[in-house]
Structures are given as C-alpha cells and as structure tokens.
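Here is a friendly briefing to read alongside the coordinates. Please have the viewer open as you go through the topics below.

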Amino acid sequence: MATARPGWSRRAQYGLFFSFLAVIGGIIVGLFLLALSLVAPQQYQAVRGAALDVTGPVAGGLREVSSTVKGVVTGAGNYWDAADQNGRLKQENAAMRRQILKANAVIQENRQLKAVLDLRKREQDTVAVGRIVGSSFSSPRRYAILSVGSNAGVRPEMPVRAPDGLVGRVVETGALASRVLLVSDRASIVPGRLLRGGRPVIAQGRGDGTIDVHPLEVGRNPFRRGDIIITSGTGGLYPPLVPIARVVKLDDDGAIAVPLADPANISFAIVEPPYEPAASVDAQTNAEGP
Amino acid sequence: MVRAALATKRRIGRGPTPFAAYLPAASVVAASLLAALPIVATNGWFPNFGFLVLLGWRLLRSDPWPPWWAAPMGFLNDLITGMPIGLSVTLWSATMLALDLIDRRTMWRDYWIEWALAALFIAIDQWSQWRIAAAMGARVPFSAMAPAIAISICMFPVSAWLVSRIDAWRLGR
C-alpha cells in the first residue's frame, strides 16, 4: 500500500487493493463498536470484565514491588526532618485528643437522642475489601482498578471508600478485578455538604485529580480554604458522612478541592452496598456507562 | 548517509529472528500492556504507549504488518487501557490509511517530518479521546489535554528509537 503501484504484477496489485479495503472495513467496524459503546456500554460488560481479570492480577502483583520501593524512599525522607516533625506531631496529637473527647460526648448524646426518637440504626455492611492496583493512564477519564471483583460480590454502582474518604464507585466488574470511577473524574457527581455549617454542595471531578465544588443554592461563596466536604447521602448511592475532599482554592462561584483519599496512597479500599438500593436501581437504568 | 554504514561489524551468520514478521505487532501489544503497570496516576498525562509504538513502526517502515492488523491491535488496546471500545480500532485503522495516503504524496522524508507527522497524529488521537469522553458525560476543557499532548510528542523520539532498535534486532542487522 505504500506506493501507488507495486509493479506490473496483477497479484500484487489485487493484494494491495484488498488490504486497502480491509483497512476501510476495520474503520467501519471500529466506528460501529464505538457507537455501541456510546449508546449501550453494558453490552461490553463480559469482554471488558475478562480483560480486567487478565490485567488486574498482573498489576496487583507488580503493585507489591512498587509500593515497597516507594515505602523505602518515603521512609528515608521521613527521617530527614524528624525533630521538627516530632514536635508538630505532639501538638497535633494533643489537639486530636481534645477533639476525640468532644466527639465521644457528641456520639453519646446522639445515641440518646436516637433512642428517644426510636430510629433504627442503618446497618452499613462491607461487601469486599480490596486494593487499588492501577489506574487509567492516558485519557481525560479517571478510573482506578480495584483488586476485587464479582467473585467477592462486587457489582457495578457500588460506592468505594477508603479509611480517609470516598474513592468513587464501581463501573465495571470482572471476576477478579473491577474498575472504579474515581471522584475526580468529570462524570462523577457526588452530592455533599460542607462539614462546617452543613450547606449542601455538589462535588464534580475535574479530570486532573482535583474536584470542583459548588453550593446548591446561589449566593455568597460559602467556601473557605481548608473546608472539608462530606457526602450528604442524597441520591441514595453514596452513604452519608463520608469525607470527600478538602478545599484548596476558591474560584468565582465555588472552589477547587483535593480528594482526601488519594488513590495513589491508600492502602485498601472498601466496597459497600449502595446506600439505598431502590434509588440505585433507577440510577443503573439511566446510568452513563464508562 | 547509507544505512549500512551505521550497522555493526558482526554480521556474518546472523539472520532474522524466528518470529520476525510478528515482532512489530507484538511490540505494540506489549506497549499497550504497559497500562497494566501498577501506577496510580491522578492526572491522565501518560502517553498512549501503544499508539506511540504503532506510529513509530509505521513511520519507520511501510509494511510492519498487514494494514488490517491495526483493527485487532486497537481492540486489544481498548480492552487493556479501558478506553471506550472501538476508539482505538477506528483511530488506528484510520492512521494506517492516512499514513498510506501521505506516503503517496511525500517525495522525501526526514526525522523532522516524521516527528511532525507523529505530533499531528498524537494530537488527533488525544482530541478524539477528549471528544468521546465529552460525549460520555466527562466534558473537561480541552486545555486540560495540552500537557498530555506535549508529553506524548516529546516521548515520540524515544519510542521511534526503541522501535528502530527492535527492528534492527529482529532482522539480525
């Protein structure tokens, strides 16, 4: 196909022509597949799950190596400034202890109030615990690969959290691994509220590891640097009171925040069932695919 | 410069490696598999490794593989990297076709022209990823793609060099 004519050989000319047709056929097939993945992405669930099962465990094995190397490097770094760090940590520790006392008192009061109201405590059980073993590299989308799959009971549309905060939600599952849409992806919209004051906000990813937060009601910009955003439980997918992000920069009508659970550093991620399963069935029927 | 002048001295008794015809395609799939590395990136600035190697091969030779192989290789890339299925199939086939058409027109080639062509195709690749992501509900400003495009363009010479080394090895030069 490189030159216009490979010489006088009829056979070579035909070969060239048919390979030309084959490429055009490839483009047509590709466009068809692409259209299908735009309108009906769930068609690919099986084949994508199989691919995840092949690549996921590989990444998981290699992850051990890379986290060991990273641990050695950061471990050495921690010794650098040890005296200063020690003083700072002591201060933080004292402040933390006071806060814990306060929080314990609040929990106790809360329990009493709930008992008075006769509210049943909603059981929030864990589906599976896995590790983040990889991520999407080269695209505007932010996905992570989780080391547990449908064998462990993971299903699409389940929220994923880490001890530090919300990670995202499952979008595809293989038997051994699953793909998680991170909260920093543009298509991830999490209803939340400000920890300070409780104003409802919307947290939408920016595709570059940060999150856009906007207040639901128009008015004065309610954010301050250092504010913590937590989930509100609205919509029924994500459980309430899970920390999402910390505000780092204000802009015109909202702020830019950084996720509290950094997917590169969390040691394990917890998959939970959807907070209110009935709501997530609706969400699944009109969900945007990956 | 005559290419033979650049070759090593030890050439007697060395021929092509047994799977020489399949090595180019295998190297593209291997590059796609880099996406299975356990790196958790918070921004998508890594290059599309499979595409870089594909461009490297296609710009080095006109026939590294039968052109229609681009479609299955793209399908594997889609599966491994988690891109929407069909994106790489379309794009890689279209790249093969476009480069064949370009080959008819260009009278001469040098490294700068190859790099410029690669830059053009990398930009098209990133633009279509961005466009498809927008169609799937993840509309980010296109300026957010600029670092990814710049990094990929800067990475192309590395992949071209690597491909030329693999090519020399597989042909026993």
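This is a predicted model: local features need pLDDT of at least 70, side-chain atom pairs count only at pLDDT 80 or more; totals for chains, interfaces and linings use all residues.

Six strands of chain A close into a barrel in the order S7-S8-S9-S12-S11-S10, with antiparallel pairing. From one strand to the next, the twist averages 40°. Strands here are DSSP runs of E with at least two residues, helices are runs of H or I with at least four, and both are numbered from the N terminus. Two strands count as paired if DSSP finds at least two bridges between them.

Residues are numbered from 1 along each chain as its sequence is written, and chains are lettered from A and ligands numbered from 1 in the order in which they are written.

- Strand S8 (residues 200-205) and S9 of chain A pair in the antiparallel sense over five bridges, and A:Gly205 has A:Ile211 in S9(A) as its bridge partner.
- The hairpin of S8(A) and S9(A) has five residues between the strands, and in this hairpin A:Gly207 takes a positive phi near 80°.
- On to the next pair: strand S9 (residues 211-215) and strand S12 (residues 255-259) of chain A are antiparallel, with three bridges.
- Across that pairing, A:Asp212 stands opposite A:Ile256 in S12(A), and A:Val213 stands opposite A:Ala255 in S12(A).

**The open sheet of chain A**

- Seven strands of chain A form an open sheet in the order S1-S13-S4-S5-S6-S3-S2, again with antiparallel pairing.
- Strand S1 (128-130) and S2 of chain A stand at the edges with a single partner strand each, so one side of each has no neighbour in the sheet.
- The twist in this sheet averages 35° from one strand to the next.
- Strand S4 (residues 159-161) and strand S13 (residues 269-271) of chain A run antiparallel and are joined by two bridges; A:Val160 stands opposite A:Val271 in S13(A).
- S4(A) also pairs with S5(A), in the antiparallel sense over three bridges, where A:Pro159 has A:Arg169 as its bridge partner in S5(A).
- A hairpin of four residues joins S4(A) to S5(A).
- S5(A) and strand S6 (residues 178-182) of chain A pair in the antiparallel sense over five bridges; the bridge partner of A:Glu172 in S6(A) is A:Arg179.
- Four residues make up the hairpin from S5(A) to S6(A).
- Strand S5 (residues 166-173) of chain A is mostly covered, with eight of its eight residues buried. A residue is buried if 20 or more other C-beta atoms lie within 10 Å of its own, exposed if 12 or fewer, and partly exposed in between, with C-beta atoms placed from the backbone.

**Where chains A and B meet**

- The contact takes 52 residues from chain A and 51 residues from chain B; two residues are in contact if their C-beta atoms, placed from the backbone, lie within 7 Å.
- On the side of chain A that touches chain B, the elements giving two or more residues are H1, helix H2 (45-80), strand S2 (132-135) and strand S3 (143-146) of chain A.
- H1(A) gives the most to this side, with 13 residues.
- By class, this side of chain A has 27 nonpolar, 15 polar and 10 charged residues. Ala, Val, Leu, Ile, Met, Phe, Trp, Tyr, Cys and Pro count as nonpolar, Asp, Glu, Lys and Arg as charged, and the others, Gly among them, as polar.

**Helices of chain B**

- Helix H4 (residues 87-105) of chain B has 19 residues, which at 1.5 Å a residue should span 27 Å; the end C-alpha atoms are 27 Å apart, which agrees. The expected span is 1.5 Å times one less than the number of residues.
- Buried residues in H4(B) include B:Leu87, B:Trp92 and B:Met96.
- Among the elements covering the buried residues of H4(B) are helix H1 (10-39) of chain A and helix H5 (111-135) of chain B.
- B:Ala133 lies in helix H5 of chain B and counts as buried because it has 24 C-beta neighbours inside 10 Å.
- Leaving out residues up to four places away in sequence, B:Ala133 touches A:Ser139, A:Pro140, A:Arg141 and B:Ala138.
- The C-alpha atoms of B:Ala133 and B:Met83 are separated by 9.2 Å, with the two residues 50 apart along the chain.

Technical notes: Axes are lines fitted to C-alpha atoms, for helices over the stretch in contact, and angles run from 0 to 180 degrees between N-to-C directions.
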